[in-house]
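Dear colleague,

Here is the structure I said I would pass on. My notes on it follow below the entry.

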Amino acid sequence: MSILIVDDSQIMRKIMAQAIKKVGNFDVVEAADGQEGVETLLKDSTIELVLMDWNMPVMTGIEALKKIRMNQKSIPVIMVTTEAEKERVLEAIKSGANDYLAKPFGPDDIKAKLKKFLLKV
């Protein structure tokens with residue numbers, strides 16, 4: 001079982017990957033922008049959850065989410081961002097996000113999201 005982390009910050013990808021590995025025995029796949037995330041998801045059938053940053057170069061998280069929803073209707077996508085205004089949350093949900101994780105967050109926050117979407121955690 002794999003989790004895809006899509007974030008332009010290598011440090012954030014590392015922080016999230018460490019938190020995920022503390023929760024369970026997951027493989028972590030990383031992508032540095034939305035376009036790479038979409039391409040990775042289409043190629044890797046073992047990915048069962050996506051953690052997607054909102055603000056990224058090349059393709060934003062929302063743009064990537066919309067592309068993912070055109071191809072992968074059921075995979076859970078959790079938007080990760082510092083922008084937790086109500087309008088942004090609603091935009092993410094309308095675009096197909098399953099949940100939202102606001103920065104800063106800790107390992108327990110990631111664990112709660114994983115438990116919500118991956119019952120084996």
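Helices (H or I, at least four residues) and strands (E, at least two) are DSSP runs, numbered from the N terminus. This is a predicted model, in which local features need pLDDT of at least 70 and side-chain atom pairs count only at pLDDT 80 or more, while totals for chains, interfaces and linings use all residues. Residues are numbered from 1 along each chain as its sequence is written, and side-chain values use heavy atoms, with hydrogens and water left out.

Overall fold

The protein has five helices and five strands. From the N terminus on, their order is β-α-β-α-β-α-β-α-β-α. The radius of gyration (taken over C-alpha atoms) is 13 Å, close to the 14 Å that the globule rule (2.2 Å times the number of residues to the power 0.38) gives for 121 residues, so the protein is as compact as a globular protein of that length. Along the principal axes, the C-alpha atoms fill a box of roughly 30 × 30 × 25 Å.

Contacts, meaning heavy atoms within 4.5 Å, were counted at a separation of 6 or more, and 61% of them are between residues 24 or more positions apart.

Surface and charge

Of the 121 residues, 47% count as buried; buried means under 20% relative accessible area, exposed over 50% and partly exposed in between, with a 1.4 Å probe and protein chains only. The accessible surface (Shrake-Rupley method, 1.4 Å probe; for residues, only the protein chains shown count as cover) is about 6,400 Å², and carbon and sulfur atoms hold 51% of that surface.

There are 18 positive side chains and 18 negative ones, with the centres of the two sets 5 Å apart. Lys and Arg count as positive and Asp and Glu as negative, leaving out His and the chain ends; each charge is placed at NZ of Lys, CZ of Arg, CG of Asp or CD of Glu.

Individual residues

Pro104 sits in the loop between β5 (99-102) and α5 (107-117). The peptide bond that joins Lys103 to Pro104 is cis, with omega about -5 degrees.

Val58 is in the loop between β3 (47-53) and α3 (61-71). Phi of Val58 is positive, near 70 degrees, in a residue other than glycine. Most residues other than glycine have a negative phi, and most peptide bonds are trans. Val58 counts as exposed, at 62% relative accessibility.

Lys22 belongs to helix α1 (residues 10-23) and is exposed, with a relative accessible area of 68%. Lys22 and Asp108 are 86 residues apart along the chain, and their C-alpha atoms are separated by 9.8 Å.

Regards
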